[in-house]
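Here are my notes on the nonpolar packing and the aromatic contacts. Please read them with the model open.

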Amino acid sequence: MQHPLFLALVSMGLWALVVVPNGQAQSLPAGAPPALQQFDTDHSAHNIDLATLRSGGPPKDGIPSVDAPSFVSVGAAEDWIAPEEPVIAFEHDGVARAYPLQILTHHEIVNDRVAGTPVAVTFCPLCYSALVFERTLDGEAVEFGVSGLLRNSDLVMYDRKTETLWQQLTGTAVVGDLTGQTLEQLPSQIVSFRQFEEAHPDGEVLSRDTGHSRPYGRNPYAGYDDIDSKPFAYDGPTDDRLPPMEKVVAVSVGDRHKAYPHSTTEEQRVVHDTIGDQSLAVFHAPGTVSALDAARIENSKETGSTGVFDRQVDGRTLHFAYAGDGRFRDEETGSTWTVTGTALDGPLEGTQLDRLQHGDYFAFAWLAFRPDAALYDDRGDS
């Protein structure tokens, strides 16, 4: 029986057969998928088993990246995005932008420039992985596109300068001229449009004017965000510690990785922990729906927003508690904080907690790429 997501891709006209010119496929290394022939790069240079690459359906650029993004004010965006809809919130050098998942589910990559810095804002719906990278290679800004290939169900990107393939969830080049290089990841966060608007009333929102005609607001992966379902196009390693489709707050500190199950963070709302020498707080606030549940995103189930922050402020370690209504309060000063890490009132009003790298991913994806990741639970680490 075909996976329902396969059938959905077929109905959208996205499933495509990659045609390789006669004789050329023989030049690929053993085990490589024929679709790799689309990329003009050194196929012999790779740090993965090429047999783990799979076609996700669309060919190279069959899912078009947004390469000339335009933006509107938060007030203008209210006309077409619901308050609870999820956006990727990204702030850099005083510029705050929101990238609605209702757009990213159809494009997966936005090549942007924020405060003069070239960035690639990426989202893999199959893993629920949203990551922002600086898109500079050897001092030159380059564009990234959607390769049409998957590995462990995760988006494989390619750069349009060398056509090297890059694993989205790790930011690492896996096949081609630049194999082994890693993109610099910049902190970002999935929050609701309302939470972004509250934090950045003068912020900018990615416009639906992308140059492509897509049913923005509709979810092409309806029903995929289900803890009892199976990952699409995934035959990688399994980890018995969590259901594959449970979401986790995935945190990296240096070369240490840890997963905080949403079932725990949603119940506790605040988790205090330490990874290596880094003390941190995980916030989980209500008010954000899933991008991959109902056919219309605004009608989806609530999954909440998370934030991960350094607990050190002015040399003092703060302890937080949930204060209700999506707010958090520290015991030391009584200041009130948002899920984006900003103090709204109290002695620390206006202070921004330092963000730590994190994401909200399906557990199977995080543990496939970070099999050494620790798992948090309220009885102790596992």
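1. One aromatic cluster is formed by F123, Y128, Y224, Y234, F362 and F364. Keep in mind that the model is predicted.

2. The charged end of K247 sits over the ring of Y128. The distance to the ring centre is 4.2 Å. R269 does likewise with Y322: its charged end sits over that ring, 5.6 Å from the centre.

3. How many aromatic pairs are there? The count comes to 15. Take F283 and F320. Their ring centres lie 5.1 Å apart and their planes meet at 75°. Planes over 60 degrees apart count as edge-to-face, so that is the class of the F283–F320 pair.

4. Are F283 and F320 buried or exposed? Both are buried.

5. Now the nonpolar packing. The largest nonpolar core has 90 residues. Which members touch the most others? They are I88, Y99, F196, Y224, F283, W337 and W366. Helix α6 (residues 363–369) gives the most to this core, with seven residues. A second, separate core has 14 residues, among them A32, A35, L36 and V175. In soluble globular proteins, nonpolar side chains tend to be buried together.

6. Two residues link the points above. Y224 is in the aromatic cluster and also among the core members with the most contacts to other members. F283 is on that core list too, and its ring pairs edge-to-face with F320.

Key:
Residues are numbered from 1 along each chain as its sequence is written. This is a predicted model: local features need pLDDT of at least 70, side-chain atom pairs count only at pLDDT 80 or more; totals for chains, interfaces and linings use all residues. Side-chain values use heavy atoms; hydrogens and water are left out. A nonpolar core is a set of buried Ala, Val, Leu, Ile, Met, Phe, Trp, Tyr and Cys residues joined through side-chain atoms within 4.5 Å. Buried means under 20% relative accessible area, exposed over 50%, partly exposed in between (1.4 Å probe, protein chains only). Helices (H or I, at least four residues) and strands (E, at least two) are DSSP runs, numbered from the N terminus. Rings of Phe, Tyr and Trp (its six-membered ring) pair if their centres lie within 6.5 Å; planes under 30 degrees apart count as stacked, over 60 as edge-to-face and the rest as tilted. A charge sits over a ring if NZ of Lys or CZ of Arg is within 6 Å of the ring centre and within 35 degrees of the ring normal.
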